[in-house]
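Student: I have a chain to go through with you. Can we take it one question at a time?

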Amino acid sequence: MRIDHTQCTLCGQSAQGTWHGTDGAIAVCHRCAVEALPALIADAVCLAADDPRLRAVQVCRQVEASYWRALALRLLTEGQR
């Protein structure tokens, strides 16, 4: 799948970040990263759970840990430039 990395995959505005997966890439702007991606995560978590409230708390902790790890790796990468 080919994605124009200069445009947000979700809204078409200028993208600031890109994540590369096995089938292509997702590019996102700041607004979609802050507003749309958390909503997407919430939908995926709640729709796949027997008890969405309990699962939401567990996943929130996992997402938060993943976020801080990704941020640390990104800051390390920036420091090496």
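Student: Which elements each supply at least two residues of the lining of the largest pocket?

Tutor: This is a predicted model, where local features need pLDDT of at least 70, side-chain atom pairs count only at pLDDT 80 or more, and totals for chains, interfaces and linings use all residues. Residues are numbered from 1 along each chain as its sequence is written, and side-chain values use heavy atoms, with hydrogens and water left out. Helices (H or I, at least four residues) and strands (E, at least two) are DSSP runs numbered from the N terminus. The elements are strand E1 (17-21), strand E2 (24-28), helix H1 (30-34), helix H2 (36-47) and helix H3 (52-79).

Student: From which element does the largest share of that lining come?

Tutor: A pocket is an open set of points on a 1 Å grid over the protein atoms alone, where a 1.4 Å probe fits, with protein on both sides within 12 Å along at least five of seven lines. Lining residues have an atom within 4 Å of a point. Twelve residues of the lining come from the largest contributor, H3.

Student: How much space lies in the largest pocket?

Tutor: Grid points are joined across faces, edges and corners, and the volume is the space filled by probe spheres set on them. For the largest pocket, that gives about 1300 Å³.

Student: Which lining residues are the closest to its centre?

Tutor: The lining of the largest pocket has 29 residues. By class it holds 22 nonpolar, five polar and two charged. Nonpolar means Ala, Val, Leu, Ile, Met, Phe, Trp, Tyr, Cys and Pro; charged means Asp, Glu, Lys and Arg; the others, Gly among them, are polar. Closest to the centre are Val 28, Ala 33, Leu 37, Tyr 67 and Ala 70.

Student: How many disulfides does the structure hold?

Tutor: A disulfide is a pair of cysteine sulfur atoms within 2.5 Å. The sulfur of Cys 29 has its closest cysteine sulfur in Cys 11, 3.7 Å away, so that pair is too far for a bond. For Cys 32 the closest is in Cys 29, also 3.7 Å away and too far for a bond. The count is zero.

Student: Is Cys 32 buried or exposed?

Tutor: Buried means under 20% relative accessible area, exposed over 50%, partly exposed in between (1.4 Å probe, protein chains only). Cys 32 has 3% relative accessibility. Cys 32 is therefore buried.

Student: In what order do the elements of the protein chain run?

Tutor: The protein chain has three helices and two strands. From the N terminus on, the order is β-β-α-α-α.
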